[in-house]
Amino acid sequence: MSGIQSSVTLLGTKGGPAIRPGSARPTSTLIEMGGQTMLVDAGLGAAIGMAEAGVPLTDLDAVFITHLHSDHYLELGPLLHTAWTAGLRHQIPIFGPPGIEHYWQFFLNAMAYDIALRTEDEGRPDFHDLCVVSHISDERPIDMQGVLVSAMRNDHPPIEDSFALRFEANGQTIVLSGDTAPMPAMAEFAQGADLMVHEAMLRDGVQDLVDRMGYADDRLMAHILRSHSPAEDVARIAQAAQVRALALNHLIPSGEPGVTEETWRAAVSGLYDGPVHIGHDGLVIEVGEQP
Ligand SMILES: [Zn+2]
Ligand SMILES: [Zn+2]
C-alpha cells in the first residue's frame, strides 16, 4: 500500500443550477491523484473555486463532464478560456458525454472575436489546439498518465448519457457517483473505494424547495425524486460497497433555512459504519492517509 496521498476538493456542492444569496455553488470537484490535477464537472463558480483552493487553472491536466445538465458544465468554456488567458500552454483533454462537442464548438463560435483578437494582438498560443474533446465510454477506461479512469452509466432520467466515474492510482480509489437515483450497481462500481463522493437529497427538503419556485405543475418535483438519491439510500450503498469514507455532495436542498450539517448527519445515522463528510464548498478530503 502506498503512502502517497490523493485529495478531493469539493469546489461546488449544491445540486441544481440556481444560485441565491448565501447558497453554495453548483457542482465541480477537483481530484489530485497520481500527479494529475483533474476537474470533474464545471458548474458555475468552478474557476473561482479552484483559485480559492489555491490551485492555478494552468495546473489542470484534464476535465471530465459527467452529463449535460447545466449545473455540471455551464462554466466549462469560461474556465478553460480563463486558463488560456492565465498562461495555459499544454493541451487539456475534455471528456464528456456525446453532445459535449456541440457545446464546445458553439462556445468557440461565441468567443471567436475575442479568441482571434488575443491570439493576434497578444501573441497567445492557438486556443483551438489547447483543448481536445472526446467522449466518455463505459467500455474503455481512460489512462491519464497512470491514473485509470473508468465510467459506469448511472440512473439519471431522462438523460441516458450520464456517468459515475472511478479513479484509480497508487493503490487508491476514488469514486464519484455523478447525478443518479440510487442504484445497486453503484455498490459494485465503488466496491472497496477509499472514498465515494455521492450525490444526496433530503426528501423533506425537496418539497420546500419546489414550493418556493412556485411553478404551476409538479414536473420539477417529479424530476428531482426520480433522478436523485435520498441520503438514507446513499448511506446504504456506501455500506454495501464497503467504502472507507463517504462524502455527500450535490446537496438538495442547499442553503435552505433550518437544514444544517446535523440534518444531513441525522439522515445517514446508523446506516453506514465509516466516516461521513458533509459537502460544503472548499472542503478538502485527503484520501489514503495511513493510520
Ligand atoms: Zn446536477
Ligand atoms: Zn443532473
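Me: Hi! Is His-250 buried or exposed?
Reply: His-250 is buried, because its relative accessible area is 3% and buried means under 20%. Keep in mind that this is a predicted model.

Me: Okay, and what is the relative accessible area of Asp-71?
Reply: For Asp-71 the value is 6%, so Asp-71 is buried too.

Me: Which protein donors does the zinc ion (ligand 1) have?
Reply: Asp-71 (OD), His-72 (NE2), Asp-179 (OD) and His-250 (NE2) are its protein donors. They lie 2.1 to 2.2 Å from the zinc ion (ligand 1).

Me: What spacing do those donors follow along the chain?
Reply: The donors of the zinc ion (ligand 1) follow D-H-x106-D-x70-H. Asp-71 and His-250 link distant parts of the chain, being 179 residues apart. Asp-71 sits in helix H2 (residues 70-73), while His-250 sits in strand S12 (residues 246-252).

Me: Why is the arrangement around the zinc ion (ligand 1) irregular?
Reply: It comes down to the angles: the four donor atoms subtend 86 to 172°, so the arrangement counts as irregular. To be tetrahedral, four donors would need all angles between 85 and 135 degrees.

Me: Now the other zinc. Which protein donors does the zinc ion (ligand 2) have?
Reply: Here you'll find His-67 (NE2), His-69 (ND1), His-156 (NE2) and Asp-179 (OD). Their distances from the zinc ion (ligand 2) run from 2.1 to 2.3 Å.

Me: What about the angles its four donor atoms subtend?
Reply: Those angles are 91 to 161°, which makes the arrangement around the zinc ion (ligand 2) irregular.

Me: And the spacing of its donors, what is that?
Reply: Along the chain it reads H-x1-H-x86-H-x22-D. His-156 and Asp-179 in this site link distant parts of the chain, 23 residues apart. His-156 is in the loop between strand S8 (147-153) and strand S9 (163-169). Asp-179 is in the loop between strand S10 (172-176) and helix H7 (184-189).

Me: Are His-156 and Asp-179 buried or exposed?
Reply: Both of them are buried.

Me: Which residue coordinates both zinc ions?
Reply: That is Asp-179, and the zinc ion (ligand 1) and the zinc ion (ligand 2) are 3.4 Å apart.

Me: Changing topic: how many salt bridges are there?
Reply: The count comes to 10 salt bridges.

Me: Which residues are linked with them in a network?
Reply: Asp-114 and Arg-124 join Arg-118 and Glu-122 in a network of salt bridges.

Me: Where do Arg-236 and Asp-233 lie?
Reply: Those two are in helix H10 (residues 231-241), three residues apart, or about one turn of the helix. Arg-236 is partly exposed at 44% relative accessibility, as is Asp-233 at 21%.

Me: Last one: how far apart are the closest N and O atoms for Asp-161 and Arg-153?
Reply: In that salt bridge they are 2.6 Å apart. Asp-161 counts as partly exposed at 27% relative accessibility, and Arg-153 counts as partly exposed at 34%.

Methods
Residues numbered from 1 in each chain as written. Chains lettered and ligands numbered in written order. Predicted model: local features only at pLDDT ≥ 70, side-chain atom pairs only at ≥ 80, totals over all residues. Heavy atoms only, no water. Donors = N, O, S within 2.8 Å, 3.2 Å for Na, K, Ca; no water. Tetrahedral: all angles 85-135°; square planar, octahedral: opposite > 155°, others 65-115°. Helix = DSSP H or I, 4+ residues; strand = E, 2+ residues; numbered from the N terminus. Buried < 20%, exposed > 50% of the residue type's maximum accessible area, 1.4 Å probe, protein only. Salt bridge = Lys/Arg side-chain N within 4 Å of Asp/Glu carboxyl O.
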